[in-house]
Amino acid sequence: MNETMGQIIRRLRKEKNLTQEELAMQLNVTNQAVSKWENGDCIPDISQIVPLSNVFSVTTDVLFGIQTLDRDEEIRKIIENASAPQRLHYETEEEEFQASVKEYETYIEALKTYPNSISLLYAALSSGHNLAGDYAGRGDKERAAELRRECIRQGNVILNTCTDITCLMDTHRWLVWTYCDMGEYDKAEEHAKKMPRGFDNESGMMISWIKRAANDIEGELNQRCNTLARIISTLEFEIIPLGNDYYQKQQYEDAIRVYKVLYDLIPVIFGNEEYTPPYHGLTVGEKIALCCIKLGQNDEAIEWLWKDFVHLSKNAKHYNKYEHIETPLLRECTFRFFGEYLNIKGHMDYLNRPEFEMLHDHPRWEELVEKGLYNKSWGQIRCPAKKG
């Protein structure tokens, strides 16, 4: 028995794992219309046949019961041709504005044929958002609001159907900006917090944008400081392993250059503050020292070990305390010094490693042990055995 068009639509919809509501959203029709098609109460309007075939990635013949269209190249050409005028130089703002209008209208017209094309939806979303700002600047608030509502619809279709993480992140970003322009800051924050995992810093920056749009300067300041703290921490977690990689490859000079980046950051970010947060490379000096030993630079190795202990000595008085720091870059952050982040005894025992034995005859080794490893700020700590 041959399938009716309604049965074909139902089967293809289920093969695409779409609900009736999701299909209706992509086609910009009502849920009731889709339900009537599938129940055989009516058939789609002729204007919906081509969009339906593209949603399901089949030819129109399949819908009529008689087979898959490669449309990517055509869509790519549509976007390329529509966006090309934006790369031109215009003599007047009006010419540039009209080019933006034409670009957006091209995407909207193409979406009538390819309603579920992620590429077209994203192009329309970004183009529409910018064009809405142009209309608002011209005083046409009604048209701006209309475009923003359409941007929200397009963004939601992308979020419901797209699996590319970069596209999802960018779509959330456009929706944050769009909701901010609409003054709907709660909805903007919802999208900022839905940034895909691994984009925590991006989420923080989006929340800062929301605070600024809402004229919440204190909230923005607090958020930006905390986002910067995460970014700096992320740098450490990337820089140290990178230095370790060069060390493993016996590229010791490259490893030193990488490790030194953290030490260079400390004075830039914190200036002359008495103490710095615990994530700033507390053992980097020891790693640089190991590289110096491999290069036969024992004097340099001792100097870097000493820098580590001076740093520890300054911070030790704040052991297990919650502190604020003065730099305006991170002033709104609270840091817990050491605590679970650093086992000091284990840190000092690091020097028991065989790699440091050749330093035991160095004239400054005993001074390093006596002044560096025994400090009244943290009490007695077992020292590496002295040679002889």
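Tutor: In the largest nonpolar core, which has 41 residues, Y107, L120, L131, Y135 and V176 touch the most other members. A nonpolar core here is a set of buried Ala, Val, Leu, Ile, Met, Phe, Trp, Tyr and Cys residues joined through side-chain atoms within 4.5 Å; buried means under 20% relative accessible area, exposed over 50%, and partly exposed in between (1.4 Å probe, protein chains only). Two or more residues of this core come from each of α6 (72-83), α7 (93-113), α8 (118-137), α9 (141-161), α10 (165-181), α11 (185-193) and α12 (200-213). Helix α10 gives the largest share, nine residues. Helices (H or I, at least four residues) and strands (E, at least two) are DSSP runs, numbered from the N terminus.

This is a predicted model, in which local features need pLDDT of at least 70 and side-chain atom pairs count only at pLDDT 80 or more, whereas totals for chains, interfaces and linings use all residues. Residues are numbered from 1 along each chain as its sequence is written, and side-chain values use heavy atoms, with hydrogens and water left out.

Beyond its neighbours within four places in sequence, Y107 is in contact (heavy atoms within 4.5 Å) with I79, A82, S83, L120, A123, A124 and S127. A second, separate core has 26 residues, among them Y247, V258, I288 and I302.

Helix α10 also holds T178, which counts as buried because its relative accessibility is 0%. With neighbours within four places in sequence set aside, T178 is in contact with H129, R148, C151 and I152.

Across the protein chain of 388 residues, 46% count as buried. The chain contains 18 helices and two strands.
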